Amino acid sequence: MNPLPAAPASSTRLDPITLTVIQSGLQQVCNEMDLAFVRAAFSPVISEALDRSDGIYHPVTGALIAQGDLGLPVFVGTMQFGTRAVIERARDLAPGDLYIVNDPYLGGTHLMDVRFVKPFFYRGELFAWLANTGHWPDTGGMVPGGFSANATEVEQEGLRLPPVKLFKRGVMDEEVLAIILSNIRVADQRIGDIKAQAAALNVGERRLTALIDRYGRDTVEAGIEELRTRAEQQMRARIATIPDGRYHGQAFVDSDGVVDEPLTIDMRIEKTGTDLHFDMSGSSPPCAGPMNSVIATTRSSVYLAMKHIFPEVPINAGTFAPLHIADPDGTFLYARYPRPVSGCAAEVSQRIAEAVFNALTPAIPEQLFGAPAGTSGNFALGGHDPERDRAYVMYVISGGGYGGSPAGDGISNGCSTIGISKSTPVEVFEQLYPVLFEEYALHEGSGGAGEHRGGFGLRYRLRLRRGTAKASFVMDHGRSGPLGALGGEDGGVNVVIVTRDGVPYHPPHRSKDQGLVLHPGDTVEVRTPGGGGYGPAARRTPEQVARDVQRGYYSMEEARERFGGWVSR
């Protein structure tokens, strides 16, 4: 997939105040789409965990114009590639048309991230595209929730949709809808998400129309182009602070879920002037299991990594112009059909970002940090609730520790690298599904030791209360923890323990498995990774270590072992 071309320039010049108003107006359009989607969605993964994003895209290239403040960063790059895939295939466009697509190989992620793409017309002419992505709890496949840890081809992961018109001139195509609902679990519950996703784009249509009505088409178009130019200028100015040179970093995926061997992400970065060139061609070859990454996700992972490093740069297509990513063809980071990909967006993307951090830490140590937990903690539980006489699919994402940084210790139980999603409250899970959370606490001891230690992961345990269910996991950092920086120790690893009939079971692939049958009383325990430490642990003051022990973050033995003999002083 080729990088997106630049949009044609506008000749209209804007004063700074008008430009700021246009920028805020475009952002507000996206934010209102985000809020409408969240408030109307049926699934907790969208309404509570905020696993979704909305944006505005260029009418010809599909390049990003604006995205909501609450949108997932990993979708920043993928949605523009996905929108371009729709543009290339769209025919006979009319107001009210709306495309649905989840094909990973057409600018996507995994099958559960379903994209709606809608042409936006202003006074009869195509002005832009509005698009959003929502994580559906299920799209079919071998296991409830779609996270098939053992899949060897994409068909085993669920229903794959090319761009098709779900709405034609504002009317939903009932035949297309019937095909979708006939291939997914709990289909009666998905119609709420479908209508919410479409309604969010309708809100965007009204708000963007009002913005253009107020300031005029020429002014808004000029503002869009100027914002793109300035975002590129700002990113180039930040890149200029990196010394020219070549940098190398690595990160590792535990396994692909089928072959129990680690996968290597080999990141080589060359910085020249105000450009960065990324080469991942030395990474592991395509894998048998679902940890392959489609190229849109691979590119987006590099984008979000640089946004983490330089968070003050605004987001639009100009932000990415100085970032040149060579296609890692022949590796597991450029998946082609029919490679399975369910782990790409939620897990592999975070390893890619981690490799970028690892490579650039020696160059700009004041800007970097120990690696964050780097896993979304994907846990799906599907079954039948006899009390309510209905099927269900519960999807859990969980946080982990952030890495230590020059500014201080890492945050505990923060969201994943790829997003701002939050964990669904346990009270909501217990209300909707036949489970009981018996524990929900910090994963003590998981923060990597360092002058500034990593934050701590999460530890939770739930019990199935009634009926039977199948549990599946696609997580990572179970073999090795998030990388420390500049002498800091790695964070603690991810742990999954399934206890059935009193017998504990540890997945052979550590934190990947699928279709584990649970009965009432069986439990699932997950301990998410802590962040990597920053700087040598010996530099941490005795007072700071003593405070950590007093708060129960580390045991006395852990503190003595990891921070060096301070207890005896």
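Helices (H or I, at least four residues) and strands (E, at least two) are DSSP runs, numbered from the N terminus. I note that this is a predicted model, in which local features need pLDDT of at least 70, side-chain atom pairs count only at pLDDT 80 or more, and totals for chains, interfaces and linings use all residues. Residues are numbered from 1 along each chain as its sequence is written, and side-chain values use heavy atoms, with hydrogens and water left out.

**Entry 1: salt bridges**

I looked up salt bridges, each being a side-chain nitrogen of Lys or Arg within 4 Å of a carboxyl oxygen of Asp or Glu. Side chains of opposite charge can pair when their charged atoms come close. I recorded 40 salt bridges in the structure.

I began with E226 and R230, which lie four residues apart in helix α6, about one turn of the helix. Their side chains meet in a salt bridge of 2.8 Å, N to O. For accessibility I used these classes: buried is under 20% relative accessible area, exposed is over 50%, and partly exposed is in between (1.4 Å probe, protein chains only). R230 is partly exposed, at 36%.

I then turned to D327 and R299, whose closest N and O atoms are 2.7 Å apart in a salt bridge. D327 lies in the loop between β11 (323-325) and α9 (344-360) and R299 in helix α7 (residues 295-309), so the pair ties together parts that are 28 residues apart in sequence. D327 is partly exposed at 33% relative accessibility, whereas R299 is buried at 2%.

Next I examined the salt bridge of D385 with R466, with the closest N and O atoms 2.6 Å apart. This pair links distant parts of the chain, 81 residues apart: D385 is in strand β12 (residues 378-385) and R466 in the loop between β15 and β16 (469-474). D385 is buried, with a relative accessible area of 2%, and R466 is buried as well, at 14%.

**Entry 2: H135**

I located H135 in strand β5 (residues 125-135). Is H135 buried or exposed? H135 is buried, with a relative accessible area of 1%. Its side chain makes a polar contact of 3.5 Å with the side chain of D113. A polar contact is a pair of N or O atoms within 3.5 Å; within protein, one must be able to donate a hydrogen and the other to accept it, and residues adjacent in sequence count only if both atoms are side-chain atoms. Counting contact as heavy atoms within 4.5 Å, and leaving aside neighbours within four places in sequence, I found H135 in contact with residues including V45, H110, F147 and Y395.
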